[in-house]
Amino acid sequence: MNNRINNPSMDIGVFVKTETAELHRSVESDLSRFLFHRNLSCNTYLQILQAFYASYVAMENVLRDYPETNELIAGRSKLQWLQNDIEYLSSQLQTIPAIVNQNIEIVASSSAEAMGMLYVMEGATLGGAHIELRLNKHDWLSESAGLSFFKSYGDFRLAKWREFSEALKMFHQQNVLSELDIQKGAQKAFHCIQSCLRGALNE
Ligand code: HEM
């Protein structure tokens with residue numbers, strides 16, 4: 001670990017990905033169990049999106065506290081997509097599931113932690129293309145509605161990811177020894193999203 005900390009040329013993207021791989025596996029496994037169930041209902045899908053919404057509102061607020069992430073979040077907020085999907089799915093249901101009160105307490109103690117959080121929110125868009133393909137067979141989704149969050153940037157997904165990865169690299173070069181705080185912020189984000197999902201899905 002110390003070797004990495006003292007190495008200014010370390011690849012921060014590889015570092016944070018490796019150090020959080022276990023958390024990714026865990027949240028992906030939780031989510032896939034519900035999301036890729038062949039009988040996934042509109043109701044459960046709505047609860048999943050509500051959980052994402054609750055965690056993203058809390059985290060996007062945190063990101064606005066630091067100039068670096070406040071600048072980056074412009075053009076990267078996922079809230080409007082989530083709101084659109086939630087509105088559409090609610091219109092498909094006779095009874096809308098009650099929103100579980102998540103009581104989320106999340107803070108970033110530094111801009112490095114905030115960058116780590118944003119790493120998770122941006123990285124999560126990468127699985128979106130795969131998720132979108134698996135979901136669009138459900139008849140309660142329409143071609144144009146209900147999948148905006150997982151579609152996210154659409155054709156610009158990879159370009160947005162490369163742009164963010166570059167910003168993360170620059171940040172790390174300008175903030176020597178920030179990698180552990182970036183990692184900590186990423187861990188906080190994974191835990192926040194996972195705990196909201198578990199709360200909503202009663203796990
Ligand atoms: C069913 C759910 C999910 C699937 C199938 C999935 C799948 C993927 C895939 C295919 C990638 C690209 C890997 C690569 O190119 O190396 C990825 C990256 C990533 N995902 Fe997920 N994902 C899921 C859920 C999530 C969630 C809920 C989060 C956040 C809490 C998340 C966070 C990330 C991050 C941060 C990366 C970027 C890794 C890197 O640094 O390259 N994923 N995911």
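Predicted model: local features only at pLDDT ≥ 70, side-chain atom pairs only at ≥ 80, totals over all residues.
Local features need pLDDT of at least 70 and side-chain atom pairs pLDDT 80 or more, while totals for chains, interfaces and linings use all residues. Residues are numbered from 1 along each chain as its sequence is written, and side-chain values use heavy atoms, without hydrogens and water.

**Ligand site**

The ligand takes up the space of the largest pocket. A pocket is an open set of points on a 1 Å grid over the protein atoms alone, with protein on both sides within 12 Å along at least five of seven lines; a molecule sits in it if more than half of its atoms lie within 2 Å of its grid points. Around the ligand are 19 residues, each with a heavy atom within 4 Å of it. Lys17, His24, Tyr119, Gly123 and Ile193 are the closest.

Polar contacts (pairs of N or O atoms within 3.5 Å) include these:

| Residue atom | Ligand atom | Distance |
|---|---|---|
| Lys17, polar side-chain atom | oxygen | 2.6 Å |
| Tyr119, polar side-chain atom | oxygen | 2.6 Å |
| Gly123, backbone N or O atom | nitrogen | 3.4 Å |

Helix H3 gives the most to this shell, five residues; helices are DSSP runs (H or I) of at least four residues, numbered from the N terminus. The shell has 12 nonpolar, five polar and two charged residues, with Gly counted as polar and Tyr as nonpolar.

**Cavity**

One cavity of 30 Å³ or more is found in the whole structure. A cavity is a set of points where a 1.4 Å probe fits but cannot get out, and its lining residues have an atom within 4 Å of a point. The largest cavity holds about 70 Å³ of space, a volume filled by probe spheres set on the points. Helix H4 (residues 42–63) supplies the largest share of its lining, four residues. The lining of the largest cavity has six nonpolar, three polar and no charged residues.

How values were computed
Helix = DSSP H or I, 4+ residues; strand = E, 2+ residues; numbered from the N terminus. Polar contact = N/O pair within 3.5 Å; in protein donor to acceptor, adjacent residues only side chain to side chain.
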